[in-house]
Number of protein chains: 2
Amino acid sequence: MSLIVTGTIGIDTVETPTGSAKEIPGGSCAYFAAAASCYTPTRVVAAVGDDWPADHRSMLESFPGIDLGGLEERAGSKTFRWGGKYLDNMNDRETLFTDLGVLEEAPPAIPAEFQDSEIVFLANTHPGVQRGFLEHLPNRKFTVADTMDLWINIARDDLVGLLGEIDGLVINDSEALLLTEQRNPFTAAKAIMDMGPSVVVIKKGEHGAVLVTSDGVAVLPAYPADEPMVVDPTGCGDSFAGGFMGWIASRGNWDFAELQSAMAWGTVSASFTLGAFALEGLQGLTMEQLEERMACYQAAARVGQTTIV
Amino acid sequence: MSLIVTGTIGIDTVETPTGSAKEIPGGSCAYFAAAASCYTPTRVVAAVGDDWPADHRSMLESFPGIDLGGLEERAGSKTFRWGGKYLDNMNDRETLFTDLGVLEEAPPAIPAEFQDSEIVFLANTHPGVQRGFLEHLPNRKFTVADTMDLWINIARDDLVGLLGEIDGLVINDSEALLLTEQRNPFTAAKAIMDMGPSVVVIKKGEHGAVLVTSDGVAVLPAYPADEPMVVDPTGCGDSFAGGFMGWIASRGNWDFAELQSAMAWGTVSASFTLGAFALEGLQGLTMEQLEERMACYQAAARVGQTTIV
């Protein structure tokens, strides 16, 4: 089924305890699309300014599955920029600067040829804007959104409105706590389901992710990554969502079994993002490489013998 | 193979956000033995005072697999007492009081009839005392210890000595960080392996556990427990270790596949402890109940379809 993503494309500057990278491709939409396009063609709707580097475009174009037909390069506008620094533990980070740029303007339009999209991912932005996109996607069959603490704090009503119109929410554990006041991820997920979505994914970073639907619960650890493997965690959550939605779109099915498989593919996709700056870990990935890493993941996450005698 | 555990038996007083219980059975050895004895006969070596309640003895005796042949009831001594309070999140706790009592006296002796034990678990106590037990266990084939922040801080040399003599260490993530200065659990586990043990298990509480050996890595999530299921987390780590070691002793084998299965059984055992105060969640557990919960755990932790086409 056709997959579309709306969200941000940005210019990132990242410092980690072991390295740094300036003005690299970033943004939720970029990471999502890079990961999702390994599984299925992925339509991108986003806006950048005329300062957007040509090599950032080339990078995105190097993913054969990405369709940039909904990317607006706006003359006189500035691309969204974000700078962040990871602390020693590679899990916590501080934002050094944010230049919203084009994100303060009107949202990008969904081109006519994308309006038949069936599988929809609304990457993190103002929930009012996310809701606005839905009007132009009349054929949507399975719609999932991401959000963040900022919108929970300053646009809760819009977010609650959005939750009533979508099928799934992908959210961090700290954001789930903020939204529901429930710290336990399973209890928080049920509170979110009461707000509308029938599928809730709570991302726990290095501790994996949890899926809750009315058909069951899935719990998956993160890919086992020792310190040398962790280069830059930026975009792991978006890549997880990309792998998750990419799998679902490629299967054309979101029953519990497919959602659970999608969680594992999201985990595998994110593990590639983790191993390099920007989109480099995902670039040129073959099905064989994805399957090989999945085999390692499956071996590590195996429950083992399940009968006593 | 014969399983022996040395450690504490105590009298606990526990407060949680939803309930409280006074003077209930506790201690690392009690929780370990209660969990392990579901899989294999378990020999207990510990000391209590003459204030140890008769109903605490009855409780331990209600587990058919527990052999109290190494339990010393000392006249004129006081049983170890601990009081703790769980914070709203049910994950962090504060200690309200600790009365060491009999733990400040000479450690219990290992009875002659227990000295042929092959599978050994040294539950948390001073590493010098843990090391002393080993002299009386000449037939030991697989020895695993637990430890805590206190000993890492005040008895590091003894602990390092112990690590050179044992096969495995089971440790919390925060303690692994304290011991190795490595926050990443896989990197920390490798640093611990450099100190001696060939098997390292890092417990992450509600986030599951990690196993590292020279043969591979296993990552398992905790059992999915929503808020109503979580009654009292006290003893979950010891019950995890009990299920882990009980499985290994029952199989008489600790190759990587058995260790990985043992991690899953430890997780299942701990999930029963979580659901009640003291040892009540483990009391009267049948193989059928353990296997039923394992089936739920396996379903939730399933990786799903692992090939793309």
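Two residues count as in contact here if their C-beta atoms, placed from the backbone, lie within 7 Å. With that in hand, let's look at where the chains meet: the contact takes 36 residues from chain A and 36 residues from chain B. This is a predicted model, in which local features need pLDDT of at least 70 and side-chain atom pairs count only at pLDDT 80 or more, while totals for chains, interfaces and linings use all residues. Residues are numbered from 1 along each chain as its sequence is written, and chains are lettered from A and ligands numbered from 1 in the order in which they are written.

On chain B, at least two residues of the side that touches chain A come from each of helix H7 (185-193), strand E13 (216-220), helix H9 (256-274) and helix H10 (287-300). Helices (H or I, at least four residues) and strands (E, at least two) are DSSP runs, numbered from the N terminus. H10(B) gives the most to this side, with eight residues. By type, the side of chain B that touches chain A holds 18 nonpolar, 12 polar and six charged residues. Nonpolar covers Ala, Val, Leu, Ile, Met, Phe, Trp, Tyr, Cys and Pro; charged covers Asp, Glu, Lys and Arg; the others, Gly among them, are polar.

How do the two copies relate? A rotation of 180 degrees with 0.0 Å of shift along its axis superposes chain B on chain A (RMSD 0.0 Å), by least squares on the C-alpha atoms of residues with pLDDT of at least 70 in both. The two copies are thus related as by a two-fold rotation axis. The copies meet through the same surface, because 100% of the interface residues of chain B are also interface residues in chain A.
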